[in-house]
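Visitor: Please take me through one part of this model in close-up. I would like to look at the surroundings of the ligand, and then at the sheet.

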Amino acid sequence: MNSSQPSSHNQSKLVDESRSYALTTRISKIASWGKRNSLWPMPYGTACCGIEIMSVMGPRYDLARFGAEVVRFSPRQADLLIVAGTITEKMAPIILRIYQQMLEPKFVIAMGACASSGGFYRAYHVLQGVDKIIPVDVYVPGCPPTPEAVLDGLMVVQKMIKDDTKRPWKDHWEPGVWK
Ligand code: SF4
């Protein structure tokens, strides 16, 4: 082979470098990618689960890996409500107001037995699940749930956004109607 001619390796490198690439997608896919990787959670911690959720935010489990580390304590800046703890009937109007003030599209995670069903508080003053007052998208079981379970709940929300899942429980929800 003439030494002035490029070798086959160099030839394929030249072809690779001259190749142009194109990425095609839909604007809805890009928007959904952005939405699901930039959830801004608002933790509504009232009891032990409120402490447990701190470990999800901490360095070991690191919620930031899922793009949801920008915790907000103003509902007007949040689109993911994480209800962590027992909700009494006295708190119900407050949590309803918080939910109504949140940005659309908004999601709710009921973290733990108390937020999901009242837990072991079968008492007149405890709401038997926060879904009695606001629509819940994901229920995370446990007393308290493990950090992994909470992360799993968050990933379910992300999947709902990705798949544009229909949410009849939210669509048919009416504020002020107690179940
Ligand atoms: S589910 Fe268990 S850990 Fe969570 S708030 Fe209720 S009692 Fe506490």
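**Around the ligand**

Guide: The shell around the ligand divides into 7 nonpolar residues, 4 polar and no charged. Here Ala, Val, Leu, Ile, Met, Phe, Trp, Tyr, Cys and Pro count as nonpolar, Asp, Glu, Lys and Arg as charged, and the others, Gly among them, as polar. This is a predicted model: local features need pLDDT of at least 70, side-chain atom pairs count only at pLDDT 80 or more, and totals for chains, interfaces and linings use all residues. Residues are numbered from 1 along each chain as its sequence is written.

The residues around the ligand include Cys48, Cys49, Cys114 and Cys143. Gly85, Thr86, Gly112 and Gly119 are also among them.

Helix 3 (48-57) and helix 5 (112-117) each supply at least two shell residues. Helix 5 gives the most, with 3 residues. Helices (H or I, at least four residues) and strands (E, at least two) are DSSP runs, numbered from the N terminus.

Two strands pair if DSSP finds at least two bridges between them. Strand 2 (residues 80-84) and strand 3 (residues 107-111) pair over 5 bridges. Leu81 has Val108 in strand 3 as its bridge partner.

Methods:
A residue is near a molecule or strand if its C-beta atom, placed from the backbone, lies within 6 Å of it.
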